[in-house]
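Please open the structure in your viewer and keep the selection tool at hand. This tour goes from stop to stop, saying at each one what to select and what can be found there.

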Number of protein chains: 2
Amino acid sequence: MEKIVRQSLLYDFYGELLTNHQKSIYEDFVLNDIGISEIAALRGISRQGVHDLIRRCDATLENYEDTLKLIEKFLKIKSWVTKIHTLTGEFDKLSIASIQEKELVDQINDISNQILDEI
Amino acid sequence: MEKIVRQSLLYDFYGELLTNHQKSIYEDFVLNDIGISEIAALRGISRQGVHDLIRRCDATLENYEDTLKLIEKFLKIKSWVTKIHTLTGEFDKLSIASIQEKELVDQINDISNQILDEI
């Protein structure tokens, strides 16, 4: 997994456990894609300060995940739901299904989409 | 939701964030179904002490859920997956489905069971 994707997942799950100051800078870096130099200039702190803060946030958030493993759990569920979604797609390719059957599978497809939007 | 079910969910999600001492007593009470008087006697502490500790654990764990809302997210996903599971059951009642179709739906059913075991 790309580092920024991992950071964004960590933030999504555990970001609320950071202090407001940490959240604000981590969010600028990870979600708003603002560079370290720019964050430093905007906030009147050193590049090193921003860099250290982001590293500490990474460590704090990874520590929560090491302890709780909820991202791991979600990713497992996500991969299973993706598989369900793929299977409903294969079903659609079978031209022999009745309308009743297709309707049921369409509903399953809709729900799997809803879950994937949520995760 | 019954209080003990809620406590068990809270413990399952966030229990690792309690201290070992808290975990041990909360686990005895919530998961092992040992009464407050018995816990107090076994550990040589007062009933009031056990009672207060459990109440503090409840508050700590509810506070994590207020902040992170991950149980809420999981329960939503669980209800959707349960719906998928119900729909595959309805599909099985349609006697008109082909073997190919049934196989696909069986796979979806298996995966939804796997997810429900995990959640």
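Begin by selecting B:Lys69, which comes just after H4(B) and takes a positive phi of about 55 degrees. The helices named on this tour are DSSP runs (H or I, at least four residues; strands would be E, at least two), numbered from the N terminus.

Before going on, note that this is a predicted model, in which local features need pLDDT of at least 70 and side-chain atom pairs count only at pLDDT 80 or more, while totals for chains, interfaces and linings use all residues. Residues are numbered from 1 along each chain as its sequence is written, and chains are lettered from A and ligands numbered from 1 in the order in which they are written.

Colour chain A by pLDDT, the predictor's confidence in each residue, from 0 to 100. Chain A averages 93, and 97% of its residues score at least 70. Within chain A, confidence is lowest in helix H6 (residues 99-118), at a mean of 90, and highest in helix H4 (residues 47-68), at 98. The model scores ipTM 0.84 and pTM 0.86.

Now select H4(B), whose 22 residues should span 32 Å at 1.5 Å a residue, and whose end C-alpha atoms are 32 Å apart, which agrees; the expected span is 1.5 Å times one less than the number of residues. Which residues of H4(B) are buried? They are B:Val50, B:Cys57, B:Leu61, B:Tyr64 and B:Leu68, where buried means that 20 or more other C-beta atoms, placed from the backbone, lie within 10 Å of a residue's own, exposed means 12 or fewer, and partly exposed is in between.

Next, select H5(B), which has 24 residues and reaches 35 Å from its first C-alpha to its last, close to the 34 Å expected. Its buried residues are B:Ile77, B:Val81, B:Ile84, B:Leu87, B:Thr88 and B:Phe91, and what covers them includes H5 and H6 of chain A together with H6 of chain B.

Then show both chains: how many residues does each give to the contact? The contact takes 30 residues from chain B and 30 residues from chain A.

Finish at B:Ser98, in the loop between H5 and H6 of chain B. B:Ser98 is partly exposed, with 13 other C-beta atoms within 10 Å. From B:Ser98 to B:Thr60 is 38 residues in sequence and 53 Å in space, C-alpha to C-alpha.

Terms used: Two residues are in contact if their C-beta atoms, placed from the backbone, lie within 7 Å.
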